[in-house]
Amino acid sequence: MARLLKRLRILDKVNFVVPIMLNSRKIQVPIINGIGYENLSMSEMWMMPVLENLLAKKGGTFVDIGVNIGQTLIKAECVQPNLDYIGFEPNPICVFYSMELAKKNNFKNCNIVSVGVSNHDQVVELKFFQANVVDTCATIVENLRPNMEITQRHLVPVFSLESLRGLIKTDQISVIKIDVEGAELEIIESLRTIILESRPTILIEILPVYSLENKMRKERQDRFESIMSDLDYVVVRVLKNADGSLNRLQTIEQIGIHSNLRLCDYIFHPRESNHLFDSSR
């Protein structure tokens with residue numbers, strides 16, 4: 001029915017809930033003014049076995065930086081129901097939707113904070129490149145995509161995680177997921193002290209540099225990798241099958257320069273926790 005409504009271009013005129021099965025668990029997916037449709041055909045399924053491995057071996061708080069419409073929230077809850085979850089998202093429309101998703105499914109211990117994470121407390125522009133109000137490409141980074149037209153600009157608050165310490169037991173963080181369209185450097189700078197305290201595993205998307213001519217991306221990537229090296233973290237690249245499922249994990253020395261959007265997902269884990277996470281599979 002949802003596909004038919006989309007083809008008829010009236011999906012954004014009706015609100016309803018569609019049940020899906022994921023990891024043997026029924027999830028109620030709300031469709032609100034067309035928002036949530038993407039959750040009916042879940043992407044990035046490589047994350048399911050990775051989370052199952054991590055959350056089974058290392059308890060604690062799951063921090064989701066860049067919630068969007070709850071794609072990671074759904075996967076995490078299907079792997080470990082009622083886990084201690086806190087998400088940060090600067091787009092208020094995404095926050096509203098994700099809170100409805102949590103409510104419809106009675107996700108316990110789930111909190112979503114309507115702010116972005118950065119290395120300073122300030123109000124910044126969230127720039128969109130699509131008409132979609134939950135655009136997954138939206139970014140707070142200036143000139144990240146200089147050749148793409150910005151379709152919308154919204155002012156949103158961002159805070160350092162040091163300023164948000166009261167919301168999280170920072171010494172009990174087990175996993176941090178970061179998907180922030182180029183702003184990962186500021187987040188890692190904000191997280192440095194917390195990483196030293198908690199030594200969490202970090203799942204992160206890092207967009208390609210493409211070429212040496214893209215000096216801004218290359219400099220930011222180099223600074224990010226330098227921080228993670230100083231923190232004594234190992235980098236693992238997620239290799240995927242054509243359908244987005246996990247193929248294998250590859251320990252690498254550095255991210256390097258590439259243009260393959262299928263090679264953008266990484267796992268950084270503390271060197272001392274190799275026994276918790278086998279990166280050779």
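These are my notebook entries on what I looked up in this structure, which is a predicted model.

**Entry 1: the core**

I began with the nonpolar core. I recall that in soluble globular proteins nonpolar side chains tend to be buried together. The largest such core here has 46 residues. I noted Leu51, Tyr85 and Leu203 as the residues with the most contacts inside it. I then listed elements that each supply at least two residues of this core, among them H1, strand S1 (16-22), helix H2 (47-57) and strand S11 (233-240). Which element gives the most to this core? I found that H2 does, with 6 residues.

**Entry 2: aromatic pairs**

I looked for rings that pair and got a count of 2 aromatic pairs. In one, Phe62 and Tyr85 are stacked, with 6.0 Å centre to centre and 10 degrees between the planes. Phe62 belongs to strand S3 (residues 61-65) and Tyr85 to strand S4 (residues 85-88), so this pair links distant parts of the chain, 23 residues apart. I checked the cover of both: Phe62 is buried, at a relative accessible area of 0%, and Tyr85 is buried, also with 0%.

The rings of Phe224 and Phe268 also pair. Their centres are 5.5 Å apart and their planes stand at 80 degrees, so I wrote this pair down as edge-to-face. It links helix H6 (residues 215-230), which holds Phe224, to strand S13 (residues 265-270), which holds Phe268, and the two residues are 44 apart. Are Phe224 and Phe268 buried or exposed? Both are buried.

**Entry 3: salt bridges**

Side chains of opposite charge can pair when their charged atoms come close. I searched the whole structure and have 14 salt bridges on my list.

I took Lys177 and Asp64 to start with; their closest N and O atoms are 2.7 Å apart. Lys177 is in strand S9 (residues 173-178) and Asp64 in strand S3, so the bridge ties together parts that are 113 residues apart in sequence. Lys177 counts as buried, at 5% relative accessibility, and Asp64 is buried, with 0% relative accessible area.

Next I read off Asp222 and Lys218, which meet in a salt bridge at 2.8 Å, N to O. Why are they separated by about one helical turn? They are 4 residues apart in helix H6. Asp222 is partly exposed, with a relative accessible area of 34%.

Asp232 and Arg271 form another bridge, at 2.7 Å, N to O. Asp232 sits in the loop between H6 and S11, and Arg271 in the segment after S13, so the pair ties together parts 39 residues apart in sequence. Asp232 counts as partly exposed at 33% relative accessibility, and Arg271 does so at 45%.

I also noted that Glu162, Arg165 and Glu197 are linked in a network of salt bridges.

**Entry 4: backbone angles**

I looked up residues other than glycine with a positive phi. Arg199 has phi near 50 degrees and lies in the loop between helix H5 (184-198) and strand S10 (201-205). At 16% relative accessibility, Arg199 counts as buried, because the limit is under 20%. Tyr210 has phi near 75 degrees and lies in the loop between S10 and H6. Tyr210 counts as partly exposed, at 40% relative accessibility.

**Entry 5: the start of the chain**

Leu4, Leu8 and Ile10 form a nonpolar patch on the surface, with about 260 Å² of accessible area together. I placed Leu4 in helix H1 (residues 2-7), and Leu4 counts as partly exposed at 43% relative accessibility. Last, I noted that Lys6 lies over the face of Tyr37, 5.0 Å from the ring centre.

Methods
Residues numbered from 1 in each chain as written. Predicted model: local features only at pLDDT ≥ 70, side-chain atom pairs only at ≥ 80, totals over all residues. Heavy atoms only, no water. Patch = residues over 30% accessible without salt bridge, like charges linked within 9 Å, V, L, I, M, F, W, Y side chains within 5 Å. Areas by Shrake-Rupley, 256 points an atom, 1.4 Å probe, with all protein chains shown as cover. Salt bridge = Lys/Arg side-chain N within 4 Å of Asp/Glu carboxyl O. Buried < 20%, exposed > 50% of the residue type's maximum accessible area, 1.4 Å probe, protein only. Phe/Tyr/Trp six-rings, centres within 6.5 Å; stacked < 30°, edge-to-face > 60°. Lys NZ or Arg CZ within 6 Å of the ring centre and 35° of its normal. Core = buried A, V, L, I, M, F, W, Y, C linked by side-chain atoms within 4.5 Å.
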